[in-house]
Amino acid sequence: MLVDRSQIPPEGLDLEVHEEPRWEGVEGLWLSLAPVEAVFHLERKGNGVLANGTFTTTAVVMCSRCSEPVSVPVSDQFTILYAGASEAFRAEESELSAAEMDVDVMQGDRLDLSRLLRENVLLNLPLQPLCRAECRGLCPRCGINLNESSCQCRVQENDPRLLPLQHLS
Ligand SMILES: [Zn+2]
Ligand SMILES: [Zn+2]
């Protein structure tokens, strides 16, 4: 979704956005992603735009231990100053950016809210998602899912009580 800077009135613009995430460059990052619900407040700032807002969605990703699908809520708030091209450098230096604010450069006179949401969803994906805190993962030897069943691999390798028995067989 694109918003032209000239559409933003002096008092600012409030928008509710329902974004279907048909984005490029995100292949393999999730099994599925629900539509992103977002609220924006946009204000003109110099030759640029200050964007405040929040978003929420749900991603289905693979558990980093057992590879089973796991549904994770993804949400955050953001404050991003899209500076006019000539102002970008000064904005980086200003005290505005020293406070919790990201600075980006305006592409022409339009703000790409889809790109903003895509970047913020990517930033908030869990790095090592788990289906549950105590997920036991897969056996590194036979690949069985240890949450669902058990295997004999560890017993054979590590249990010293069984060593004498092995001599008998
Ligand atoms: Zn798991
Ligand atoms: Zn095993």
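Predicted model: local features only at pLDDT ≥ 70, side-chain atom pairs only at ≥ 80, totals over all residues.

**Stop 1: zinc ion (ligand 2)**

Select the zinc ion (ligand 2) and show the side chains of Cys139, Cys142, Cys151 and Cys153, whose SG atoms coordinate the metal at 2.3 Å. What is the arrangement of the four donor atoms? Their angles at the zinc ion (ligand 2) run from 106 to 113°, so the arrangement is tetrahedral. For reference, ideal angles for four tetrahedral donors are 109.5 degrees.

Now look at the chain: the donors of this zinc ion (ligand 2) are spaced C-x2-C-x8-C-x1-C. Cys142 sits in the loop between H3 and H4, while Cys153 is in helix H4, so this pair ties together parts that are eleven residues apart in sequence.

**Stop 2: zinc ion (ligand 1)**

Next, select the zinc ion (ligand 1). Which residues hold this ion? The SG atoms of Cys63, Cys66, Cys131 and Cys135 do, at 2.3 to 2.4 Å. The donor angles here span 105 to 114°, which makes this arrangement tetrahedral.

Along the chain, the spacing of the donors of the zinc ion (ligand 1) is C-x2-C-x64-C-x3-C. Pick out Cys63, in the loop between strand S5 (48-62) and strand S6 (69-83), and then Cys135, in the loop between helix H3 (113-123) and helix H4 (153-158); the pair therefore ties together parts that are 72 residues apart in sequence. Are these two cysteines buried or exposed? Cys63 is buried, with a relative accessibility of 2%, and Cys135 is buried too, at 4%.

**Stop 3: the strands around S5**

Select S5 with S6: they run antiparallel, joined by 14 bridges. Zoom in on Thr57 and you'll find Val74 as its bridge partner in S6.

Now go to the turn of this hairpin, where six residues lie between the strands. Click on Ser67, in the loop between S5 and S6. Its phi is near 70°, a positive value in a residue other than glycine. Ser67 is partly exposed, with 37% relative accessible area.

Phe40 is opposite Gly53 in S5. The hairpin of S4 and S5 has two residues between the strands, and Gly46 there takes a positive phi near 55°.

Then bring in strand S3 (residues 32-33), joined to S5 by two bridges, again antiparallel. Here, look for Leu33 opposite Ala59 in S5.

**Stop 4: helix H3**

Finally, select H3 and look down its axis. Which of its residues are buried? Colour Leu113, Ser114, Leu116, Leu117, Asn120 and Val121: these are the buried residues of H3. They cover an arc of only 160° around the axis, so they are on the same side of H3.

Before you leave, go to the N-terminal end of H3 and show Asp112, which caps the helix there. One of its side-chain oxygens lies 3.1 Å from the backbone nitrogen of Ser114.

Note on methods. Residues numbered from 1 in each chain as written. Chains lettered and ligands numbered in written order. Heavy atoms only, no water. Donors = N, O, S within 2.8 Å, 3.2 Å for Na, K, Ca; no water. Tetrahedral: all angles 85-135°; square planar, octahedral: opposite > 155°, others 65-115°. Helix = DSSP H or I, 4+ residues; strand = E, 2+ residues; numbered from the N terminus. Buried < 20%, exposed > 50% of the residue type's maximum accessible area, 1.4 Å probe, protein only. Pairing = 2+ DSSP bridges. Arc of directions from axis to C-beta. Polar contact = N/O pair within 3.5 Å; in protein donor to acceptor, adjacent residues only side chain to side chain.
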